[in-house]
Amino acid sequence: MEYRKTLNLPQTDFPMKANLPSREPEMLTIWREYDVYKKVQDKTRNSPVFILHDGPPYSNGPIHLGQALNKILKDIIVKYHNLVGHYSPYIPGWDTHGLPNEMQTIKTFKINRKEIEPLELREKCAESALHFVEVQKDQFIRLGITGDWEHPYLTLHHSYEAAIIKVFRIMVEKGMVYRGKRPIYWCSHCETALAEAEIEYHDKTSPSIYVKFDADEDLKEFAKEKFGYDKDFSALIWTTTPWTLPGNLAIALHPEAEYVLVETEKGALIIAEPLLAEVFKNIGVSDYKIIGKFKGAEVERLNALHPFLPRKSLLITQNYVTMDPETGGTGLVHTAPGHGAEDFYAGQQYDLPVLVPVDDMGRMTEEAGEFKGLKYTEANDAIIDHLKKTGHLLGLGDKFHSYPHCWRCRKPVIFRATEQSFVSMEEGGLRKAALEAIKDVQWVPAWGEDRFRGMLETRPDWCISRQRIWGVPIPTFVCKDCGKTILDPAAIKAIEERFRKEGSNSWFMYSAKELLPGGYACPHCSGSDIEKGSDIFDVWFESGSSQEAVCAVREELRWPPDLYLEGSDQHRGWFQLSLLPAVAVRGKAPYHTVLTHGWVLDEKGKTMHKSLGNVIDPMDLVNQFGADILRLYLSSLDYTSDIRVYPDGVKHTSEVYRKIRNTARFLLGNLYDFNPAEDFVPFDAMLEYDRWALSRTREVIDKIKSAYSSYNFHLVYTLTHNLCIIDLSSLYLDPLKDRLYTAPAGSPERRSAQTAIYHIVSALAVVLFPIVSFTAEEIWQEIPGRKEETISVHLADWPGFPESLLSEEESGRWKFFLGLREAVYQEMEKKRAEKVISQPLDSKLSLYLEGGDLKVALENQDLLRTLLIVSQLDIKDLSDAPGGASDMAGEIKGKCLIEKAAGEKCSRCWITYEKLSGSAEHPELCPRCLDVVEAAVVK
C-alpha cells in the first residue's frame, strides 16, 4: 500500500516561487477594482483620527531611491494606523513649481528662457510638471503605496496658489515681511537667490592669498604718534575669494585683540600678535622686528588704501574676528558689505554703502574697474596677477574647504547683496514664537529637537523671493511716482481672490491696474502709476504653506496633522519652513510629531549622484526583485541614520523573504481541508501546545505593535523574521508535522492544530501587510473563508488573542519545557557532529531530572516527545543517571543521554519504535498509524 496517500500532506495554490515582478501588478489591478482605498476610508470614517501630511516631492523627473524610502515609510505608518482602527487618509501631493521644474522644462523642450514669453514658458512648465506627476504617481503606486491618487494636492492648483497668497497676506498684516537689500546665497548659473535649504556643502579648492592694504595718511599719523614710526606700512588681510576684493570697503579688527606693527623683508605690516608665527610661516618671513603693539580699538575709523581701486578701506572693529591660527587669517578681515552677512551688518553699523560689483550672471560690473566683464571665477586669476605686479600679494596657496553649492546645478554659489523680499525672524516675534511652539512637538529621533532648535535660533531672515518665472508671483507692487514698494494687505487680498478664480497665470495676463481694486492709489504718495513686481515666491514658501492649503481645507484632514515625515535635511527645509508660516498664521506648530530619516547612500557610503554613476533606480530593483522585497529591505534598516542600499543587500533580503513566504505557505498548505465555519475549535478546547503557540504569537504581535507605534520598523522586520523562523518553524511547526500529517483528518487534535494555524496565518498576513503589502494580500486571499468575510487585507483588523490562553501554571511549565529543549538540542548537535544521529527523530532520549522538574516531565511525556521530535523518550530520576549521561546547560538541573533509537521505523510516520504493530496486512506500521489506516479503509 502507498502510505503517503493516507497522510494529510499540505496542499495549496500559494506558490513557493513568489514571482513578484509579474504578480504584484495583477494585485494592483485587483485593488483598483475593489477600490480598497475608499473602502478603508468608509470603514474607519468615525474612528479616532491619525493624519500624516505628505511632503510634496518635485515633479521634475522619475522618482529616486530616497523618495521611494520616504513614501514606503509613510505607507507603512498609514496602513498600520488603518489596521489598528484609526481613520488615516493619505493625500499625496506634489511641488509643481520652482527651479527644479523650470530647469527640467528648459532641458526637455530646449528652451532659451531669455527669448521665450513668460506665459509660454509657464505653460510648458505646467505641461512638464503634470507629466511627471503622472510618471511618479504610477511609480509610487507600483511600490504598493495606497492613497487618494485620484485627488492629490498640487501646488499649481488655483486653490493652493490662493492659500499661498493668504499666508503671505497675514504675514504682511503682522509686519513680518519687508523688502530690502541683504547679502543672500546667489547662484550665478541659475540666476536666482537661494534659500539655506537649497544649499549643499561640497569640498572645493580656493585660492588662499595674503594682500597688503597700504596705510593711509591718518593711519600713518597714528604710527608716528604711537611709536615714532614714520615709514610706509600696510595692513595685511587674508582671503579665499579674490573676486570679492573689488567690493572691499573696510578691514575688520577685534577691538580687544593685540596687534603689532612689524618690520619684515616684505615690508612693514600690521598683523594680530597671536597669529604672527602662523602668518609668517605662510608668507615666508623669517626675520622681523616688532615696532610696537596696540589694541584693535585704537585704530578704529582710520583708513587703509584699496590695493587696486581709487578708494579707501575703513578700519572697523568687530567681535567676530577670530585669533584661530587654523583659519589662515591675519586678524584683519577683508570686509565687503555686498558679499557676506557679517560684512553687511558690520557695514550697516559704520554706514558703509552696499557695494555689489557682480551682476546676476556672476560677471564683474563697471565698479570692479579693469576687471569689468570677467566672470567672477576668471576675476580670481586676473586679480591675483594684478596684485603680484603691484607688489600687494605677499602669499599665494590653495585652501581645500567645504563650500556652499547650489542644490540644483551643483555649482558653487556666491554671496551677493540684492533687493529681495524677506520674512523677518524678529518683527512680530516670529523666532521667539517658533521656538516656543516646538516645545510641544515630539521629535523622532529625539536628537532632532536640538538640531532643529539650533538651526532656528541662528537662522537669518528668510529670503522668500526668487528671480525666475515658474512659480507663484509675489504680489508686491512698485509706485513709479515715489519709487517705493507697495506691501498692502488690501492689494494682496485682491490678488488672492484673483488667483483663486484664475490661477497665478493671471499675474502675467493683466496689468497692475487691472489686477488692483478699482481706483487703487499708492498708500505712500497716492500716486496711480503702479507696476507689478517681477519676483516669484521661494518654492519653500509654497510647500511650507501646504498645511494651510491642504490640511486646513480638505474635509478628510485636520489642522494640525499628527505627523510630518521627511529626510533629516528638512530640519532646515520643509519642517522649518512649514513651522514659520504656521506660527505666523495660527500661532502653533503645524505638526504634533516630526519623524526624520537619513540619506540613501551607495555601498561605499557615498551619496548617490548621476555624475558619480552610483545611482540605483528603485524601479530597476522592483523589476528585478519585486516591490515587496524592496519594501522589506528598506524596513529592515535603521532609517534614522543614513542607510546604504546596494543590490546584494536587497538580494540577501530576498532570502529572508523566501523563509517568511515558505512559513506562510506551510501554514496555508495545512488548511486545505479546514472549514472555519465547521471545524473551528474554541480556545478553551484546544490542546495546550496549540494554545502555547497562539500565546507566543500574541506576545510577539504585541511587540510588533509597539514597534510599529514607535516607528521602529527594523524591529518589526526582526520580530517577524524570528516569529516565522524560530517561534513558529522551529518550536511549533516542525514538531507539529507529525500530528498534522498522521492524525485522522477530522480528529479533534488535528482540528485544534489547524485552528491555531488559521489564527496564526491570519495574524501574520495582517502584521506583514504594512511592509510587504502584496504578499500579505496574497496570503489573505488563500486563507479559508477570509476573503468571503473581508474582501481584502486592507480592511482587516489588527489581530487580537485572549490574554488567558495559558494558565499561570501552564506558562510556568512552558518556560521549563523551552529551557529543557534548548539544553537537549545543544547535546543533540554534538551527537549529530559525532554521526551518532542525523536528525532528532533518529534519537532515543533519556532525561534524568529531580524534584518538580521530574514530576512535570513525567506528566507531560507525550508533549515533550513531540516538542523534542525524538522517537523514544525515557524520563527517570537524576539518581539513576548512568556515567555516560551529560550535564544539561542552562538553568536545567539534570542530565541527558542521547542514543540512536533502536527498533524499527514506521513507514508512515517515520518514528522508530522498539516494536511495530505486528499486523499481518500492514507489518511496517506502528499501532497508531495502523489504527488511522484501518479506519480510513473502513470509511
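W149 is buried, with a relative accessible area of 7%, where buried means under 20% relative accessible area, exposed over 50% and partly exposed in between (1.4 Å probe, protein chains only). This is a predicted model, so local features need pLDDT of at least 70 and side-chain atom pairs count only at pLDDT 80 or more, while totals for chains, interfaces and linings use all residues. Residues are numbered from 1 along each chain as its sequence is written, and side-chain values use heavy atoms, with hydrogens and water left out.

**Rings around W94**
- The structure holds 37 aromatic pairs; rings of Phe, Tyr and Trp (its six-membered ring) pair if their centres lie within 6.5 Å, and planes under 30 degrees apart count as stacked, over 60 as edge-to-face and the rest as tilted.
- One of them is W94 with F140, a tilted pair at 6.4 Å centre to centre and 35 degrees between the planes.
- W94 sits in strand 2 (residues 93–94) and F140 in helix 5 (residues 118–142), so this pair ties together parts 46 residues apart in sequence; helices (H or I, at least four residues) and strands (E, at least two) are DSSP runs, numbered from the N terminus.
- W94 also pairs with W149, tilted because the planes are at 50 degrees, with centres 6.1 Å apart.
- W149 is in the loop between helix 5 and strand 3 (153–154), so its pair with W94 links parts 55 residues apart in sequence.
- F140 is buried, and W94 is too, with a relative accessible area of 0%.

**An aromatic cluster**
- Y689, W692, Y732, W814, F816 and F817 make up one aromatic cluster.

**Charges over rings**
- K79 lies over the face of F769, 5.0 Å from the ring centre; the cut-offs are NZ of Lys or CZ of Arg within 6 Å of the ring centre and within 35 degrees of the ring normal.
- R821 lies over the face of Y825, at 4.3 Å from the ring centre.
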